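Good morning, and thank you for coming.

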Amino acid sequence: MSIDRRSGCPINLSLEVFGDRWSLIILRDMIFGDRRHFRELLNGSLEGIASNILADRLKRLMELGLLTKADDPSHKQKAIYSLTEMAITLVPIMAQLGAWGRVWLPVTEELSIRAELLEKGGPPLWEQFMDELRHEHLGAPSKTPPGAPTVRQQLRAAYEAVVARKAEAATA
């Protein structure tokens with residue numbers, strides 16, 4: 001893939017990769033939501049991406065080396081997308097974006113709890129999460145002790161606890 005680059009500035013080059021409306025959202029949904037199929041990404045995002053945009057961004061993310069695509073062994077007509085090491089190393093950046101957004105933007109409690117936990121857990125939690133993603137997407141050996149909750153499970157449990165508490169408060 002040939003991309004016209006405006007300059008060699010690392011911030012500019014990063015924005016040329018992630019500066020569109022959807023690329024980071026797709027990666028977010030794959031990293032935090034464990035969405036690896038086209039339909040999961042299409043139907044699972046709160047932001048409502050159009051199918052043609054999703055197809056275009058997935059193709060672009062693959063061309064840039066952030067994703068790979070393979071036939072899904074469980075279903076002949078499905079493809080499964082996987083994060084590459086390049087994408088997995090975005091976890092600290094996603095954590096920092098979430099931390100910044102929690103401070104400066106009108107977030108909701110249930111959608112910001114994961115960012116709060118990632119911020120509090122800091123680099124050790126980010127490393128653990130990246131190790132787990134390497135296991136899931138790259139087939140690396142798991143470093144998570146058997147039976148221990150994964151980072152994604154911990155984040156999901158915190159989200160579900162906030163949703164349950166808010167639902168209980170609304171009916172009380």
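Two strands are said to pair if DSSP finds at least two bridges between them. Strands here are DSSP runs of E of at least two residues, and helices are runs of H or I of at least four, both numbered from the N terminus. What we see is a predicted model, in which local features need pLDDT of at least 70 and side-chain atom pairs count only at pLDDT 80 or more, while totals for chains, interfaces and linings use all residues. Residues are numbered from 1 along each chain as its sequence is written, and side-chain values use heavy atoms, with hydrogens and water left out.

Let us begin with the strands. Strand 1 (residues 67-71) pairs with strand 2 in the antiparallel sense, over 5 bridges. Within this pairing, Lys-69 stands opposite Tyr-81 in strand 2. I shall call a residue buried if its relative accessible area is under 20%, exposed if over 50%, and partly exposed in between, using a 1.4 Å probe and protein chains only. Is strand 2 enclosed or exposed? In strand 2 (residues 79-83), 5 of the 5 residues are buried, so the strand is largely enclosed by the rest of the structure. Ala-79, Tyr-81 and Leu-83 point one way, Ile-80 and Ser-82 point the other way, and all are buried.

I turn now to the rings. Rings of Phe, Tyr and Trp (its six-membered ring) pair if their centres lie within 6.5 Å; planes under 30 degrees apart count as stacked, over 60 as edge-to-face and the rest as tilted. The structure holds 1 aromatic pair. Phe-32 and Phe-129 form this tilted pair, at 5.4 Å centre to centre and with 45 degrees between the planes. Because Phe-32 lies in helix 2 and Phe-129 in helix 7 (residues 109-138), the pair ties together parts that are 97 residues apart in sequence. Both Phe-32 and Phe-129 are buried. Elsewhere, the charged end of Arg-114 sits over the ring of Tyr-159, 4.5 Å from its centre; the rule asks for NZ of Lys or CZ of Arg within 6 Å of the ring centre and within 35 degrees of the ring normal.

On a 1 Å grid over the protein atoms alone, a cavity is a set of points where a 1.4 Å probe fits but cannot get out, and a pocket is an open set with protein on both sides within 12 Å along at least five of seven lines; lining residues have an atom within 4 Å of a point. Grid points are joined across faces, edges and corners, and a volume is the space filled by probe spheres set on the points.

The largest pocket has a volume of about 1,100 Å³. Its lining has 32 residues, and Ile-25, Arg-28, Glu-47, Leu-111 and Arg-114 are the closest to its centre. Helix 6 gives the largest share of that lining, 7 residues. The second largest pocket holds about 270 Å³. Of its 13 lining residues, those closest to the centre include Ser-14 and Phe-18, and helix 1 gives the largest share, 5 residues.

How many cavities of 30 Å³ or more are there? The count is 1. The largest cavity holds about 40 Å³, and among its lining residues are Trp-22, Asp-29 and Leu-54. Helix 2 (residues 23-33) supplies the largest share of this lining, 3 residues.
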